[in-house]
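Me: I have a structure open and some questions about its side chains. Can we go through them one by one?

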Amino acid sequence: MKQKFTVLFDLDGTLVDTAPDLMLAHNHVMKKFGYPTKSLNDLKSSVGKGAGAMIGRSIWSQAKKELTSINEKVKSDMTDEFISYYGKNILRESVLINGTKDFLNWCKNENISMAVCTNKTEHLAVDLLKKIGIYDYFEYVAGYNTFDYCKPDPRHLTTVIEILDGDLKKSIMIGDSETDANSAKAADIPMILLEDGYTEKKSDEIYHNHLIKDFVGTEKIISEYL
């Protein structure tokens, strides 16, 4: 039997534009704990690294101004509050990236294995995918806490490919940031990069084999690998 092809997807900024809801949750936490809120553009660069990293980056910028260090207990409490609030407001303004549903349907019709590799907490990733209506397309969802490692560790990708009984030589990663790209590069699999992702880096500074603005027409790229 011919080995199936595997497509791995990031979630935030790749399948779903989650930034507006992440910003709402982030700024809720900042206000509650007495820190300055941030704009959408300020937050986009830290979304792909997980909730803890996003909160840590925000309070570190304030700590530097005050010449103090980060209180890890406060950071932990803020992260817990973020996850709790975000979980209750996960689909207020988030929307699918243009062309996502059509591309997923095409992959399904081509018998392509699909999985999500995200630095979002696993239960939040599953909940979002279900509520936005695309969960059933994926054979596996690996979140920030699914394994003992996460992106940019390449094992986040390679372990999922192994679970799907896939082949590294017949796999590709689709993401929007250097976190996705660095994991793909380390795993030695091709990378499709979405423009204007949740990163402060420019596209030409991030490893990729193909650059797309959304999923419209992306099946043409995948067809080259089948």
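Reply: Starting with the rings, F9, F103, W106, F138 and F215 are linked into a cluster by ring pairs. Rings of Phe, Tyr and Trp (its six-membered ring) pair if their centres lie within 6.5 Å; planes under 30 degrees apart count as stacked, over 60 as edge-to-face and the rest as tilted. This is a predicted model, where local features need pLDDT of at least 70 and side-chain atom pairs count only at pLDDT 80 or more, while totals for chains, interfaces and linings use all residues. Residues are numbered from 1 along each chain as its sequence is written, and side-chain values use heavy atoms, with hydrogens and water left out.

Me: How many aromatic pairs does a search of the whole structure find?

Reply: Nine. One of them is Y140 with F147, which is stacked at 6.5 Å centre to centre, with 5 degrees between the planes.

Me: And how are the rings of F147 and Y149 arranged?

Reply: Also as a stacked pair, because the planes are at 25 degrees, and the centres are 5.5 Å apart.

Me: Are F147 and Y149 buried or exposed?

Reply: F147 is buried at 16% relative accessibility, and Y149 is buried at 19%. Y140 is partly exposed at 25%. The cut-offs are under 20% relative accessible area for buried and over 50% for exposed, with partly exposed in between (1.4 Å probe, protein chains only).

Me: Which lysines lie over a ring?

Reply: K108 lies over the face of Y137, 5.8 Å from the ring centre, and the charged end of K130 is over the ring of Y135, at 5.0 Å from its centre. To count, NZ of Lys or CZ of Arg must be within 6 Å of the ring centre and within 35 degrees of the ring normal.

Me: Where is the cis peptide bond?

Reply: Between K151 and P152, with omega about 15 degrees. P152 is in the loop between β5 (140-142) and α7 (155-163). Helices (H or I, at least four residues) and strands (E, at least two) are DSSP runs, numbered from the N terminus.

Me: What reaches the backbone oxygen of K151?

Reply: The side chain of N119, at 3.0 Å. N119 is in the loop between β4 and α6 and is buried at 5% relative accessibility.

Me: Which residues of α6 are buried?

Reply: In α6 (residues 122-131) they are L124, A125, V126, L128 and L129. After α6 comes G133, with a positive phi near 90 degrees.

Technical notes. A polar contact is a pair of N or O atoms within 3.5 Å; within protein, one must be able to donate a hydrogen and the other to accept it, and residues adjacent in sequence count only if both atoms are side-chain atoms.
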